[in-house]
Every structure is written in C-alpha cells, then in structure tokens.
Amino acid sequence: MEPTNLLGLSFLIGFFMSTRRVVLTSLASCALAVFATGAIAAASNPATTSFPVTATVVKACTVAMNSAAGIAFGEFETNSTASAAQTTTINVTCSKKTGYTIALTPSNASTSGAGVMTLGGMDFASASADQKIAYQLQQPTGSGVWGNVTGTGPNVYTGTGNGAVQPIIVNGSVAAGAWNVEPGAYSDTVQVKVTY
C-alpha cells in the first residue's frame, strides 16, 4: 500500500477514534443528566401542594314578642285608686358572644320609657288630658327605666348573645289614680329596637 493511502487510512482511524470518544462522552453526559433528572423526580414523588378552606360568619340578631298581647293592664273603674303592674316578654336571639342593646320607644318618643296610652289609640298630640293614661316601662330588674330611641346610651337593656333565644321581661306600671279619665279602651304602641 502506498504511503499516501496509509496516511489517509491513519487519518480516518484517528478521526473515528476521536469521534467515538466525543460520542461516548456525549452519551455518558446524557445518561448522567437523565439519571440526575430521575433522582430529582424521585425526590418530589409524590408532588404536593395545599389550598385554604375559608368561611365568614356574620353576626345576626332577631327579636320577637313572646305574646301579641304585650302589656295588658286589664279593666279599671274611673274612680279606682289602684295602681297596676304587668309584664311582657321580648325574645331575642343573637349570635354567640355578640353584644346587643334593646331600646323601647313609646309613641310619644319618650327616652325614659314614660309612655302614654290614649283613648282608642288616637295620636298622642290629638288626645286631650282626659283621654290619656300614663305608664312606665322598666328593665327586668325593676331598678331602671327602660326607654331610649337610638339604641345607644342610657336607659337601654344590655345583653350578650349565646346563639339561643333569650327571654327578657319588660315591666310596665301605671300609678294609682290614673284611671280618672274618659271611659273607653286605651292603648299605645312601643317600638322595640335591638342594636348589635
């Protein structure tokens, strides 16, 4: 074989050997990368994450009368000198640990619970003195008057909800001798306001 051909053959063998090393090196690098990737995947298998579960509870109160009759003083003669005392019950249901106040406002807008029944339930301003019977509202203990208009400040009943119905007694009274008025049926309407 001629030297030129031997030189060419030698070059081809050298090139092949060099290329084989590059290919083998590349293959080894790829295998290592695949192995490394597999190792990372195995470290996070199973993959995990999390999510929140939320809700918002809004405080609430409801109020209702235990009886539609309200405070009923009964029947008295015009010459009676007796006083009168009766009660009614307000049922309040408020969320647990929710503070609340209850204001009572007679139709004459008294802030101290000093209401007036009028003959036939007529408007307070239209009724004459002989067509009015004064009454007083007091808190359950009987030690404080129960009035107010706004629901905040003095003369209100204060409580804290427990999630169940809370019966609250309202005391009403009429002073002795208040019956010397024009005969007939007397009434008034009291607004109940629960602020929470």
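Two strands count as paired where DSSP finds at least two bridges between them, and strands (E, at least two residues) are themselves DSSP runs numbered from the N terminus, as are helices (H or I, at least four residues). On that basis, this predicted model contains an open sheet of 6 strands in the order β1-β2-β7-β5-β4-β8, with antiparallel pairing, and an open sheet of 3 strands in the order β6-β3-β9, also with antiparallel pairing. The model is a prediction in which local features need pLDDT of at least 70 and side-chain atom pairs count only at pLDDT 80 or more, while totals for chains, interfaces and linings use all residues. Residues are numbered from 1 along each chain as its sequence is written, and side-chain values use heavy atoms, with hydrogens and water left out.

- The edge strands are β1 (61–65) and β8, each of which pairs on one side only.
- Strands β1 and β2 run antiparallel and are joined by 5 bridges, with C61 standing opposite C94 in β2.
- On to strand β7 (residues 165–174), β2 is joined by 10 bridges, again in the antiparallel sense, and T87 stands opposite N171 in β7.
- Strand β4 (residues 114–119) pairs with β8 in the antiparallel sense over 2 bridges, and here T118 stands opposite S187 in β8.

- Strand β3 (residues 99–105) pairs with β9 in the antiparallel sense over 5 bridges, and the bridge partner of T105 in β9 is Q191.

**Largest pocket**

- The largest pocket has a volume of about 670 Å³, a pocket being an open set of points on a 1 Å grid over the protein atoms alone, where a 1.4 Å probe fits, with protein on both sides within 12 Å along at least five of seven lines.
- Grid points are joined across faces, edges and corners, and the volume is the space filled by probe spheres set on the points.
- Of the 32 residues that line this pocket, I71, F73, M117, Y186 and S187 are the closest to its centre, a lining residue having an atom within 4 Å of a point.
- The elements that give two or more residues to the lining are β2 (84–94), β5 (132–138) and β8 (186–187), and β5 gives the most, with 3 residues.
- The lining divides into 20 nonpolar, 8 polar and 4 charged residues, where Ala, Val, Leu, Ile, Met, Phe, Trp, Tyr, Cys and Pro count as nonpolar, Asp, Glu, Lys and Arg as charged, and the others, Gly among them, as polar.
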